[in-house]
Amino acid sequence: MNRYAEIIVKNNSIHTDTVYSYKIPDHLEDILKPGHRVLVPFGRGNKPVEGYIFRIGRITNECPDNMKDIVDVLDENPIFSENQLELIKWMRNRYLCTYMDCINVMHPKGINIKNYRVVYPGEKISRISDAEIYEIIKNLSENEKKVIESLLNGKERIEENKIRGIENLTELLYRMKNKGLIQLKWEYKSRKNEKKLCIVSISDEIENIDIYIEKNKIRLGKRQKDIIEFLKLNDSSEINDIMEILKVSSRSIKSLSEKGLVKFRYEDYYRRPDSVYQSDRKKIVLNEEQKYVSETIKNEMFDEGKKPYMIHGVTGSGKTEVYMDIIEYALSQGLDSILLVPEISLTPQTVARIKNRFGDIVGVFHSQLSEGEKHDVFKSVENGDTRILIGARSAIFAPFKSLGLVIIDEFHESSYKSEKNPKFSTIEVARFMAYKWKITLIMGSATPSVEEYYRTENGEYKLLEIKKRANEKPLPKIETVDMREELEYGNKSIFSRKMIKEIRNAYEKGEQSIVFLNRRGYANFVSCRSCGYVAKCPNCDISLTYHKGINSIRCHYCGYEIKMPAECPECKSPYIKPFGTGTQRIEEELQNLIPGIKVLRMDKDTTSKKGAFDDILKRFSKKEADVLVGTQMITKGLDFDNVTVVGIVSADMMLNFPDFRSFETTFQIITQVAGRAGRAQKDGKVILQTYNTEHYAIKNAMDYDFESFYRNEIKIRKAFEYAPFNNMISVVISGENEGIVKRNIHSMYNSIVYLLKERGYTDFEFMLGPNPCPISKINRNYRWQILFRDEGVEINLLKGIIRYVCITKRDSVFDKNINISIDINPNSIL
DNA sequence: AGCACGCCGACT
DNA sequence: GTCGGCGTGCTC
């Protein structure tokens, strides 16, 4: 025994987030590899817990002297490759999270360890006669007697949780242990969460089942005869099917197997979620631009020094076709692919197209799957049954054996940044994989993010452009309406005359329109005109949104909901009314202004039920409605032939959002929504309402001029030292008691300043705060924040100090019941 | 975090 | 002597 392993122990605690060393017993020496999942004794009680081998080495005197032995290996093969282990370490460091945070996202749990304490006789009652035991029991307390009796009934062994009717059992057991009455040991079972199919067929050795039965004088019951007859016709069948069709029990099938007549074969069952959306299989020929992009990437696929690619293609440029062409090539070279999409449930059309083209080797992965389902999908990836995986951000971690290609579609979308630990950026992870593992990385968008586009300018990515739409149609013309002029004219409605005219025209011609507004509900706040009262959520620092159908006001953060008050709760005046506009109101106004028009609404409220999203899309594409009103959801990848008018109700709402990315988001959303129009043969038209007709984000979007927008925006980013010129770290402290939260964030601030001073820093300009977050309360939790900018400070030192203060020394710096959230380059700092 | 264990005070 | 409660310190 001269080898040991460095192991991460499975524990949801930041206190155990380190490497532990264990000795490798001789019988496991040839088996264990880095990435293997093992069982190790942990803590004073040697409780068996799951661990992950990160490194194996020869035992030297550097090793801790109290190493314990690895108990067992949990899987036949390592669950992580060396590459993945490297990625785990990198992520933990990059996103200031724990090893387990990373492991959890990379390995959906399929097998759980169940561990429990078991009671055994202690030395005092071992190897002695019944009479002697009786003598001892006589002097024990009631509860102690109970334990010993159950122990003797249980054949000298009983699991703790099988002993019933004793309060504070664990403490009693420890006392009995100290007296030598009993021993306590930890034991475990591993429970598989993998669903298997059991395939039943007639045993291979039997040539003719009827003759065999007669020869061997086997007697069969009626049910059993039925099963044999069924199997003669059906060759092999799944056991549950047989039970259902023939109405027989599993017992009858088992007894056939005991008689040697049938055999079982187990197959993996992948709970593969199927998209219901169907699309026609069209033979597509790539046009010149598309072909150029595709060929460039294919030609360089095996170049060591290739860079990641950014495809900047206008909306409707047929990027998906290009992706499929490249995926097909990769496949022909024996390479597997991952295609990431922002939100899988919002892109059923894309999924359907790819499944149609590539069939069964396409898998789908997204966050709404259960842990077991995720495990199954990853399992089928590992086995090689799935060779193309479409999914949301965590699909990037799929354990492909020969991954060659990662495509991030609509890479500017914010959903590629995780909000949960590890708070990883999918683009950063993909880039890590591209550089370290020589994978082809393609990022595609019609509206690249300023940060990533900056990298193409720096030469980090290779830029490939598609400037023409696949259908050769020009991009729909965007016309702005100055809402100030509308107001001067006396139009106080939410719609300009022009927008209504265009929607009406389309309606009369039998064409469809899409109206976009990024706010759901009926009205965004409820206020009293006489005293100025605004209805707020008692749990969050958010004004409540009015929902008309149910006549109530609701918080979009925590779900709090009350009936719409008839009078102002403050001044009792009846002038309390909803203000502002949401999608519900748009729907209603449209129906008032254009009688007879049919409107479908698509937002979080109408798509919360499973399948509702698909349903609305189907109904709209079957022309059951003339207008589709919706929020963000309708900006992504929707493809309708008959849509000729797109209305953007208020560009200002996005423009005035308190975030440094708000201009960028405005530009992106306008471009994306506009791209929904005129996708087939008919021309499209876009009406954009705004009070800021002169703003560059709006003017550049009108001309589809990304280049100019980028030039304008990057100047501002540079002037204020925002991304991409800077990294930002946000630390948010939250808790139910505002005073405690405040005290905690101040002591954190002081600790960090203290440590920085020790390192010779005197200037702390790069620390902003502590301040209350813009949304100062969510779900009863008060929130305070410190923002760190990567300017005038060594970033790795700063990260090290943050980790030390917020994680390593958490207990001495912070109170118990507060939450700490650390986010590197967060999407929003609200 | 989760666990083992030790110490204290209340109660038979 | 027993029982329950709580605080503490450690995890290869």
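Mentor: A salt bridge, as the term is used here, is a side-chain nitrogen of Lys or Arg within 4 Å of a carboxyl oxygen of Asp or Glu.

Trainee: How many salt bridges does the structure hold?

Mentor: This is a predicted model, and the pairs discussed below are to be read with that in mind. Counted over the structure, the number of salt bridges is 46.

Trainee: How many residues apart in sequence are the parts that E428 and R94 tie together?

Mentor: The side chains of E428 and R94 meet in a salt bridge, with an N to O distance of 3.0 Å. Because E428 belongs to helix α14 (residues 426–437) and R94 to helix α1 (residues 82–95), the separation in sequence of the parts that this pair ties together is 334 residues.

Trainee: Are E428 and R94 buried or exposed?

Mentor: Buried means under 20% relative accessible area. By that cut-off, both E428 and R94 are classed as buried.

Trainee: Which helices does the salt bridge between E328 and R357 tie together?

Mentor: The side chains of E328 and R357 meet at 3.0 Å, N to O. E328 is partly exposed at a relative accessible area of 37%, and R357 is partly exposed at 30%. Since E328 lies in residues 319–332 and R357 in residues 348–358, the pair ties together parts 29 residues apart in sequence, namely helices α11 and α12.

How values were computed:
Residues are numbered from 1 along each chain as its sequence is written. Chains are lettered from A and ligands numbered from 1 in the order in which they are written. This is a predicted model: local features need pLDDT of at least 70, side-chain atom pairs count only at pLDDT 80 or more; totals for chains, interfaces and linings use all residues. Side-chain values use heavy atoms; hydrogens and water are left out. Helices (H or I, at least four residues) and strands (E, at least two) are DSSP runs, numbered from the N terminus. Buried means under 20% relative accessible area, exposed over 50%, partly exposed in between (1.4 Å probe, protein chains only).
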